[in-house]
Amino acid sequence: MIRFAFDPEWMETVTAPFMVNAFVAGVCIALAAGVMGYFTIARHSTFAAHALAHIGLPGATGAVLLGLPVSAGLGAFALGGALIIGALGKRASQREIATGTVLAFATGMGLFFARLSSQASQQMQSILFGSILTITDAQIKGFAIFDLVLIAVLAIVYRPLLFSSLDEQVARAKGVPVGAMNLVFMAMMAGVITIAVPAVGTLLIFALVITPAATANILTASPFAAMVTATLICLASIWGGLVLSAMFPAPPSFVIVTISTLFWAVARGVAALRR
């Protein structure tokens, strides 16, 4: 029988160095996931976002096989898959087909690599479900650098990216480089997936990228306000999950996903009552 007993020394756990790293990493992850989550929903690319995490699986297991950092392999395959999907799927309908094809091949390759090495097989648990408590100082620096790059790129392409996300056909008619915007979006999403997977894993990535953005879209209609709201919800889910997992010892990724889902369920319920 599973029991969640209260830990009276939870404050010591929360202030431990590994937990401080997790809180700081949560800020970086929430910023990236909150901003890109809005564009993911606006571009009807939720399946692509979910698939990119799984496409990175062979990169992660292959990196373990070669003795390389897991995040490097994950990021390389996620970026490669993102660019392939972006190039093959210029329209939303085409992206679905391209995403499914690349996803199936990548999943099979990931399982093949895992079979070649017992160490890769052991790493599968953390890759699939995440391990935010093991994030290192070096990873946090990488997350921070990525956030700065992401904000800089968004500052440059914000208007055409938003235009092509909300109305692709009109944007194409107005001369917006929709194909280039699609590639830029997919590349940025690959980066977000790479930094979010250590927190919740490839199977639960929706909880950070999609669910907070979906909740924010219920609460506000403004794109910028939705991005800010999604970021705050994502951060509250991560920080709340870390604190509760310290108070009542449980896997942090499970608690983070639960809190994020509860935010969405409450928002849906309140919106339904208002209608």
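By class, the lining of the largest pocket has 8 nonpolar, 8 polar and no charged residues. Nonpolar here means Ala, Val, Leu, Ile, Met, Phe, Trp, Tyr, Cys and Pro, charged means Asp, Glu, Lys and Arg, and the others, Gly among them, are polar.

This is a predicted model, where local features need pLDDT of at least 70, side-chain atom pairs count only at pLDDT 80 or more, and totals for chains, interfaces and linings use all residues. Residues are numbered from 1 along each chain as its sequence is written, and side-chain values use heavy atoms, with hydrogens and water left out.

A pocket is an open set of points on a 1 Å grid over the protein atoms alone, with protein on both sides within 12 Å along at least five of seven lines; lining residues have an atom within 4 Å of a point. Volume is the space filled by probe spheres, of 1.4 Å, set on the points, which are joined across faces, edges and corners.

The largest pocket comes to about 310 Å³. It has 16 lining residues, and V70, S126, T134, Q139 and P198 are the closest to its centre. Helix 5 (70-88), helix 7 (118-129) and helix 10 (178-200) each supply at least two lining residues. Helices are DSSP runs of H or I, at least four residues, numbered from the N terminus.

The second largest pocket has about 220 Å³. Of its 13 lining residues, G75, F146, G191, T194 and I195 are the closest to the centre. Helix 10 gives the most to this lining, 5 residues.
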